[in-house]
Amino acid sequence: MTNSQASLDDTEVAIAAARAGADAVRARYGRRLTRIDKGAGDFATDADVAAEEAILDVIRAARPQDAVHGEEGGQRGAADAVRQWWVDPLCGTLNYAAGTMVVAVNVALCNGPAAVADPFGDEVFHTDGEAAWVRRDGNDTHLAPTAATQLVDVNLDPPFPGAPGFRAVDLLAHPGFVERFRPRVVSSTLALAWVAAGKRAAYVTDGGDLTQSVHFAAGIALCRAAGCVVTGVDGAPIGPAGRGLVVAADAATHGLLMSMIHG
């Protein structure tokens with residue numbers, strides 16, 4: 001990042017950082033990857049590490065006093081810092097390692113701007129915390145959620161903390177779901193960006209509080225700014241006591257999904 005770039009506002013810092021990560025991800029695609037075992041079947045790759053370093057370079061140059069929590073490198077700076085960046089350098093590592101281009105790069109300032117970059121779609125979804133856009137070829141277009149596609153992305157990755165009370169697989173077999181929607185299974189923040197952009201009607205995942213997760217912070221910020229309905233799987237507001245995530249393009253779609261989850 002140049003000296004002139006150091007004067008960027010937080011939204012542009014998030015975009016520049018996400019783009020830098022996306023460049024690193026794209027540059028390593030198709031190469032032999034070194035896997036870093038995290039246990040329980042989870043792993044990172046040298047592409048994840050390189051992307052995080054590229055993102056950190058941008059943030060360090062533009063905001064040297066800010067703290068950063070990265071998925072691969074952990075906490076840098078005070079964990080209770082007011083200005084904390086959440087970084088997921090490669091959301092969808094399993095897809096990427098298998099040669100599937102459904103991945104995302106996430107950068108979010110806690111309670112502030114965020115960006116989700118699609119390395120292979122050449123799109124950066126971003127928000128200043130109040131409105132949301134997608135940047136293509138240097139041009140920004142407002143995101144407009146819609147349930148018209150009737151496609152719902154469902155995260156089926158373990159663990160399943162909501163079982164037996166909530167299991168995403170049960171939702172897929174619900175007669176009302178089959179009648180109204182068509183399922184897609186994508187374990188990537190790209191799925192949240194697609195709800196904000198009108199490419200998906202909704203996204204559902206199990207879990208605890210996801211607002212402080214490097215995997216979800218940017219996507220949640222994006223969907224909120226775009227006007228999506230965002231709650232836990234229990235219908236309650238997300239937060240410290242939250243359970244999972246249901247993000248819908250509109251209230252009607254959200255209501256239908258909640259009735260199936262709890263019906």
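Modeller: Helix α1 (residues 10-28) and helix α2 (residues 46-62) have axes that come within 8 Å and cross at roughly 155°, where helices are DSSP runs of H or I of at least four residues, numbered from the N terminus, and axes are lines fitted to C-alpha atoms over the stretch in contact, with angles from 0 to 180 degrees between N-to-C directions. The two helices are therefore roughly antiparallel, a term for angles over 145 degrees. Their crossing is right-handed, meaning that the near helix is turned clockwise from the far one by less than a right angle.

On the α1 side the contact (heavy atoms within 4.5 Å) involves V13, A16, A17, A20, G21, A24, V25 and R28, and these meet A47, A50, A51, A54, I55, V58, I59 and A62 of α2. By class, the contact residues comprise 14 nonpolar, one polar and one charged, with Ala, Val, Leu, Ile, Met, Phe, Trp, Tyr, Cys and Pro counted as nonpolar, Asp, Glu, Lys and Arg as charged, and the others, Gly among them, as polar.

This is a predicted model, in which local features need pLDDT of at least 70 and side-chain atom pairs need 80 or more, while totals for chains, interfaces and linings use all residues. Residues are numbered from 1 along each chain as its sequence is written, and side-chain values use heavy atoms, without hydrogens or water.

As for the lining of the largest pocket, its residues divide into 13 nonpolar, 12 polar and eight charged.

Conventions:
Parallel < 35°, antiparallel > 145°, perpendicular 65-115°, else oblique.
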